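Have a look at the sequence and the model before reading on.

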Amino acid sequence: MRKACCNKDGRSKGPWSKEEDQKLIDYIKLHGDGCWHSLPKAAGLDRCGKSCRLRWMNYLKPDIKRGNFAQDEEDLIIKLHALLGNRWSLIAGRLPGRTDNEVKNYWHSHIRKKLICMGIDPNNHKIYHHHHIHDVYSSKNLSNSLGNPNADDHVMHENTMTRNIKEDTSSTLDLNLNMP
DNA sequence: AAAAGTCTCAACCGCCATTCC
DNA sequence: TGGAATGGCGGTTGAGACTTT
C-alpha cells in the first residue's frame with residue numbers, strides 16, 4: 001500500500017515484495033521467529049526488525065485466518081471491546097487466527113459504523129439515542145447502508161448485541177479473561 | 001466516461017514495558 | 001542501579017480500490 005519514503009537508517013520501507021516475503025518465510029521455517037533485531041541481516045532482508053515482525057505476525061504466519069469475519073466473531077469483538085476497550089491484541093487473542101491489526105481495522109471500518117448506526121456509542125457501548133434506533137430500523141436505508149438486504153436480520157442482530165452488552169458484567173468469567 | 005468522494009487495510013510511527021549489560 | 005537495546009502495542013496514515021455523482 002504505502003509507498004516507500006525517506007528512511008533514517010536507509011533501510012527499505014513500504015509494501016513487501018514476494019521475494020522479501022519468501023526470504024522471511026524461509027528464514028523463520030529454518031530458525032523460528034524471535035530475535036527480530038538480528039533477523040533481517042541473517043535472513044538477507046533490507047528491513048528493520050520491527051517491520052519483519054509486523055509482516056510475519058500479521059500476514060505470513062501460517063495459522064492466520066484471512067477474509068470476512070463471521071457473525072459470531074463480530075459479536076465476540078463487540079463483547080470484548082465493551083469489556084476491554086481498545087486493547088486489540090487482547091481481543092485478537094480470543095479470536096483464533098485473527099491479528100490485532102485485523103481486528104482493529106475491522107472495528108474501525110465496519111463495527112464502529114454499525115454501532116453508531118444503531119444508536120450505540122462505540123466508545124462506551126451505551127445506547128445514546130433510542131429513537132434513532134427506531135428510526136434506523138424503520139428505514140430501508142439501513143439495509144442499504146449496512147449492505148444487508150434483509151432489515152429484519154439487523155433488528156435481530158441489534159437485539160443480540162444489546163443483550164450481549166447487557167450481559168457483559170456476567171460474561172467476564174465465561175470468557176476466561178486473564179487480565180494482566 | 002470521468003471526476004469526486006468514500007472506504008479499506010497494509011504498514012509506519014511513537015510510546016511504553018521489559019530485558020540486557 | 002541505570003541507561004541502552006529490544007519487543008510489543010495502539011494510533012494513524014495514505015495508496016489504491018470501489019462507489020457515487
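## Ground rules

This is a predicted model, so local features need pLDDT of at least 70, side-chain atom pairs count only at pLDDT 80 or more, and totals for chains, interfaces and linings use all residues. Residues are numbered from 1 along each chain as its sequence is written, chains are lettered from A and ligands numbered from 1 in the order in which they are written, and side-chain values use heavy atoms, with hydrogens and water left out.

## The overall fold

Chain A has 10 helices and zero strands, where helices (H or I, at least four residues) and strands (E, at least two) are DSSP runs numbered from the N terminus. Read from the N terminus, the elements go α-α-α-α-α-α-α-α-α-α.

Out of 180 residues in chain A, 36% count as buried. Buried here means under 20% relative accessible area, with exposed over 50% and partly exposed in between (1.4 Å probe, protein chains only). As for contacts (heavy atoms within 4.5 Å), take those in chain A with a separation of 6 or more: 51% of them come from residues 24 or more positions apart.

## Helix 4 against helix 6

Two packed helices are described by the angle between their axes and the distance between the axes. For helix 4 (residues 71–84) and helix 6 (residues 100–117), the angle is about 90 degrees and the axes are 11 Å apart. That makes helix 4 roughly perpendicular to helix 6. Axes are lines fitted to C-alpha atoms, for helices over the stretch in contact, and angles run from 0 to 180 degrees between N-to-C directions. Under 35 degrees counts as roughly parallel, over 145 as roughly antiparallel, 65 to 115 as roughly perpendicular, and the rest as oblique.

Which residues make the contact? Helix 4 brings Glu74, Ile77, Ile78 and His81, while helix 6 brings Val103, Tyr106, Trp107, Ile111, Lys114 and Leu115. Sorted by class, that gives seven nonpolar, one polar and two charged residues. In this scheme Ala, Val, Leu, Ile, Met, Phe, Trp, Tyr, Cys and Pro are nonpolar, Asp, Glu, Lys and Arg are charged, and the others, Gly among them, are polar.

## Helix 1 against helix 3

The axes of helix 1 and helix 3 come within 11 Å and cross at roughly 85 degrees, so these helices are roughly perpendicular to each other. On the helix 1 side, Asp21, Leu24, Ile25 and Ile28 meet Cys52, Arg55, Trp56 and Leu60 of helix 3. By class, the contact has six nonpolar, no polar and two charged residues.

Helix 3 has a set of buried residues: Gly49, Ser51, Cys52, Trp56, Asn58 and Leu60. Their cover includes helix 1 (18–31), helix 2 (39–43) and helix 6.

## At the DNA

There are 18 residues around DNA strand B, and Lys13, Gly14, Lys50, Arg55 and Tyr59 come nearest; near means that a heavy atom of the residue lies within 4 Å. By class, the surface near DNA strand B has five nonpolar, six polar and seven charged residues.

Phosphate oxygens of DNA strand B show up in several pairs. One is 2.3 Å from a side-chain N or O atom of Lys13, one is 3.3 Å from a polar side-chain atom of Arg47, and one is 2.9 Å from a polar backbone atom of Ser109. The elements giving two or more residues to this surface are helix 3 (49–60) and helix 6.

Lys114, in helix 6, is buried at a relative accessible area of 15%. Its side chain joins that of Glu74 in a polar contact of 3.0 Å. A polar contact is a pair of N or O atoms within 3.5 Å; within protein, one must be able to donate a hydrogen and the other to accept it, and residues adjacent in sequence count only if both atoms are side-chain atoms. Lys79, in helix 4, also counts as buried, at 17% relative accessibility. Leu115, in helix 6, is buried with a relative accessible area of 0%.

Most residues other than glycine have a negative phi. His125 has a positive phi of about 65 degrees although it is not a glycine. His125 sits in the loop between helix 6 and helix 7 (130–138), and is buried at 5% relative accessible area.
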